[in-house]
Amino acid sequence: MPEHTTPPRPGTLRSLLGGFVALALTRAELFGLEAEEQKEQLLRNTLIGVAALVCLLIGLMAALLFVVLLTPPQWRVTLLGLLMLLFAALGLGALLQLQRRLSRQPAPFATTLAEVRKDWETLSGRE
C-alpha cells in the first residue's frame with residue numbers, strides 16, 4: 001500500500017528545504033529559457049553577418065564581370081568604382097545593422113541574475 005505523506009508544517013527544516021528546491025528549479029527553468037533565446041539570437045546575428053559578406057563578394061564579382069562584358073574601355077574604371085561603392089555600401093549597411101542589434105541586446109541571462117539577486121535579498125532579510 002502506498003503511504004500518504006502529509007505536507008510539511010510551515011517553519012520546519014523540511015518545508016524550508018522544499019522551498020529552496022522549488023526556488024532552485026524555477027531559476028533553473030528560467031536559465032534554460034534564456035539560454036535558448038541566446039542561442040536563437042546568436043544564430044540570427046550570424047546569418048545577418050554572413051549575408052553581409054556574401055553581398056560584398058557578389059557585388060565585387062558582378063562589378064568585375066559587368067565592366068569586362070558591357071562597357072567601352074574608356075568607361076570601365078568609372079563603372080567599376082560605382083559598382084564597388086554600391087555593394088560596399090550595402091554590405092556596410094548590413095554590418096551596421098548587425099552592430100546596432102548587438103548593442104541593443106540585454107546582457108545574457110540578465111533576467112535570471114536579477115531574480116537570483118531578488119531571492120538573495122529576500123532570504124537574507126534585506127528587503
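**Exercise 1. Is Glu36 buried, partly exposed or exposed?**

Let's work through this predicted model together.

*Step 1.* Glu36 has a relative accessible area of 37%.
*Step 2.* Buried means under 20% and exposed means over 50%, with partly exposed in between.
*Step 3.* Glu36 is therefore partly exposed.

**Exercise 2. Find the side chain that meets Glu36 in a salt bridge, and describe the pair.**

*Step 1.* The structure holds one salt bridge. Its partners are Glu36 and Lys39, with 3.7 Å from N to O.
*Step 2.* Now place them: both residues belong to helix H1, and they are three residues apart, which is about one turn of the helix.
*Step 3.* Lys39 has a relative accessible area of 53%, so Lys39 counts as exposed.

**Exercise 3. Describe how helices H1 and H2 pack.**

*Step 1.* Two packed helices are described by the angle between their axes and the distance between the axes.
*Step 2.* For H1 and H2 (residues 76-104), the angle is about 180° and the axes are 8 Å apart.
*Step 3.* Angles over 145 degrees count as roughly antiparallel, so H1 is roughly antiparallel to H2.
*Step 4.* Sorted by class, their contact has 20 nonpolar, four polar and three charged residues.

Notes. Residues are numbered from 1 along each chain as its sequence is written. This is a predicted model: local features need pLDDT of at least 70, side-chain atom pairs count only at pLDDT 80 or more; totals for chains, interfaces and linings use all residues. Side-chain values use heavy atoms; hydrogens and water are left out. Axes are lines fitted to C-alpha atoms, for helices over the stretch in contact, and angles run from 0 to 180 degrees between N-to-C directions. Helices (H or I, at least four residues) and strands (E, at least two) are DSSP runs, numbered from the N terminus. Angles under 35 degrees count as roughly parallel, over 145 as roughly antiparallel, 65 to 115 as roughly perpendicular and the rest as oblique. Ala, Val, Leu, Ile, Met, Phe, Trp, Tyr, Cys and Pro count as nonpolar, Asp, Glu, Lys and Arg as charged, and the others, Gly among them, as polar. A salt bridge is a side-chain nitrogen of Lys or Arg within 4 Å of a carboxyl oxygen of Asp or Glu. Buried means under 20% relative accessible area, exposed over 50%, partly exposed in between (1.4 Å probe, protein chains only).
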